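Student: Could we go through this structure together, one question at a time?
Tutor: Gladly, let's take a look.
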Amino acid sequence: MTSSRDHVLAIPEILGCIIEHTINQPDDFDKTEHSFSENTLSFSNAPWPYLLVCKYWNEVIISTPTLWSTIHISCDQASYADIAGWVPLVDAHLKRSKDTPLTIVVNLIISQENTGPSHKNAVKPLYEILRKLLYNQHRWEEFFLYVIATEDALPNEMHCPIDFSIKFSEMPFLQQFKILFDVQSDRTDQPLIKLAPSPQLQSITFREQGQWIDNMHSSDCAVGFSNLKELSLGSENIKDWNIFWKILQNSPQLERLQMFMYMTQGITIPWIKIPKLHHLTILTNSRCTNQILQHFSCPSLQSLAICDD
């Protein structure tokens, strides 16, 4: 009888490659805000079920870091048990992926339904998951994080799960970064994003409801985002827009731009040339739209979408 080790699948590299193709990588839909899917972190999804095939498969899979480098969490009104169950799974993925760059997609809705009397501690494991991911931010290659939380979902004795610092200077692999917050809270424990030169970064989304972006030094701007292709910006804070203008002025490869200007009073728009911009979307009032079009030079523009807020 032919032993399993005589079979082609007994070659660790081939077995690992085949299993890697069975893992459902997050697609563009999964990376859209508040898009929930069944392709989430679970013992039922690859690579976890293959650990039970045999001892040899178990050993190969656990020792193949690329099989563990994707962490996709989709949480739409999940129960406390669901959320707490993700904590050891995240631990296992982070440990077994070793130093491999990470793809992380997290969609969270935090509402009274899963922080009410029957699920009053649901926020705590969510915060624990984010804390673990942030500790490994130096390994991020793609990072997509979306959070909706209402004040009634955040009791005073709990921390909102966005109390963290993100440091671009510590992310040598980062290529795509998208972060959106809709947190109806007067709390001051907002996240802080510390910008730094990121020449490998290709896509950024900054959209939220409060002030949380730290500035770059002027000397960093010239080499800040030299390969950035897509950019989506939105803020109610004038300080954020002053930083956004610097990013735009130093993104010579930018091709797609979305701008969501929720509040325009007091915002000063500088003259900006974006030579390779093909697609521009603006959501604001008509007065501000006119100012943007007067101050932007986009010689390669192919499409313009204007939405009057």
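Student: Which backbone oxygen does the side chain of Gln-137 reach?
Tutor: Good place to start! This is a predicted model, where local features need pLDDT of at least 70, side-chain atom pairs count only at pLDDT 80 or more, and totals for chains, interfaces and linings use all residues. Residues are numbered from 1 along each chain as its sequence is written, and side-chain values use heavy atoms, with hydrogens and water left out. At 3.1 Å, the side chain of Gln-137 reaches the backbone oxygen of Leu-134.

Student: Is Gln-137 buried or exposed?
Tutor: Gln-137 sits in the loop between α4 (123–135) and β3 (140–149). Buried means under 20% relative accessible area, exposed over 50%, and partly exposed in between (1.4 Å probe, protein chains only). Gln-137 has a relative accessible area of 6%, so the word for Gln-137 is buried.

Student: Why does His-72 count as buried?
Tutor: His-72 belongs to strand β1 (residues 70–76). By that same cut-off for buried, under 20%, His-72 counts as buried because its relative accessibility is 4%.

Student: How are α1 and α2 oriented to each other?
Tutor: The axes of helix α1 (residues 12–22) and helix α2 (residues 55–62) come within 10 Å and cross at roughly 75°. Angles under 35 degrees count as roughly parallel, over 145 as roughly antiparallel, 65 to 115 as roughly perpendicular and the rest as oblique. Therefore α1 and α2 are roughly perpendicular.

Notes: Axes are lines fitted to C-alpha atoms, for helices over the stretch in contact, and angles run from 0 to 180 degrees between N-to-C directions. Helices (H or I, at least four residues) and strands (E, at least two) are DSSP runs, numbered from the N terminus. A polar contact is a pair of N or O atoms within 3.5 Å; within protein, one must be able to donate a hydrogen and the other to accept it, and residues adjacent in sequence count only if both atoms are side-chain atoms.
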